[in-house]
Amino acid sequence: KAYPGNPLNYKAGLDLVVFRENTEDLYSGVEFAPVPDELAAALKKLSRPFSVFASLASPLVLLGLLSLPTVWWILNRTTFGLRLRAVGEKPEAAASVGVSVARIRWIAVLMAGAFAGLGGAYLSIEQHQFTDGMTAGRGFIALAALIFGKWTPWGAFSGALLFGFARALGSRLQFLKVSVGDFAVPSEFFQSLPFLVTLVVVAGALGRAIPPAAEGQPFHRST
């Protein structure tokens with residue numbers, strides 16, 4: 001350990017200076033052979049699958065993946081989840097058996113805000129900055145994923161994967177300069193690809209996705 005005034009600290013610093021002066025000429029004039037292009041391309045291809053696992057090393061990504069089965073278990077295997085679903089469908093029936101509808105709804109809102117905060121934290125960390133409007137419409141895509149998933153955790157996760165793939169594909173195609181015949185497809189089309197997919201998916205899922213019956217409705221307990 002380094003402590004101010006410790007003589008060992010000064011000795012360690014002196015040893016480092018002596019070592020550097022004795023070895024700084026060791027590699028002077030040495031030229032390293034460049035890596036062949038074929039080998040560099042092969043190494044790049046081998047490293048691509050591991051980049052996915054590198055992104056999973058982020059604590060927020062791991063927390064998001066772990067929250068998926070956790071939320072499903074809470075909703076379908078716990079008393080709180082049963083009460084939460086009852087409050088969303090039939091708050092009068094839940095109140096008749098002594099469940100505090102306001103309390104359950106407040107807990108649900110706070111939990112939803114916490115998950116939204118984690119998503120915003122990951123977005124700012126990924127872009128290494130925070131700017132106004134940085135979500136760029138991703139919140140509406142998240143709502144579309146929820147509708148596509150029929151208000152279920154695994155369904156919403158599937159919708160998020162679909163829209164995320166569309167966004168990644170659009171970003172990739174912008175740099176490939178795709179053209180149809182002599183017409184060069186503008187980059188704005190690929191930028192709008194995630195939103196086009198969202199419109200198509202939501203339009204097809206609206207008739208089959210039924211939201212909770214009491215969603216967005218205030219509850220007043222009758223006396």
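Here are some questions on rings and helices in this predicted model.

Q: Which kind of aromatic pair do Trp154 and Phe157 form?
A: A ring pair is described by how far apart the centres are and by the angle of the planes. For Trp154 and Phe157, the centres sit 6.4 Å apart and the planes are at 85°. Angles over 60 degrees count as edge-to-face, so this pair is edge-to-face.

Q: How far apart along helix H8 are Trp154 and Phe157, in helical turns?
A: Both belong to H8, which covers residues 153–174. They are three residues apart there, so the separation comes to about one helical turn.

Q: How are helices H3 and H4 oriented to each other?
A: H3 (residues 59–77) and H4 (residues 79–89) have axes 5 Å apart. They pack at an angle of about 75°. Since 65 to 115 degrees is the range that counts, H3 is roughly perpendicular to H4.

Q: Where on helix H7 do its buried residues lie?
A: H7 runs over residues 138–148, and its buried residues are Ile141, Ala144, Ala145 and Ile147. Looking down the H7 axis, these fall within an arc of 160°, so they line one face of the helix.

Note on methods: Residues are numbered from 1 along each chain as its sequence is written. This is a predicted model: local features need pLDDT of at least 70, side-chain atom pairs count only at pLDDT 80 or more; totals for chains, interfaces and linings use all residues. Side-chain values use heavy atoms; hydrogens and water are left out. Rings of Phe, Tyr and Trp (its six-membered ring) pair if their centres lie within 6.5 Å; planes under 30 degrees apart count as stacked, over 60 as edge-to-face and the rest as tilted. Helices (H or I, at least four residues) and strands (E, at least two) are DSSP runs, numbered from the N terminus. Axes are lines fitted to C-alpha atoms, for helices over the stretch in contact, and angles run from 0 to 180 degrees between N-to-C directions. Angles under 35 degrees count as roughly parallel, over 145 as roughly antiparallel, 65 to 115 as roughly perpendicular and the rest as oblique. Buried means under 20% relative accessible area, exposed over 50%, partly exposed in between (1.4 Å probe, protein chains only). The arc is that of the directions from the helix axis to the C-beta atoms.
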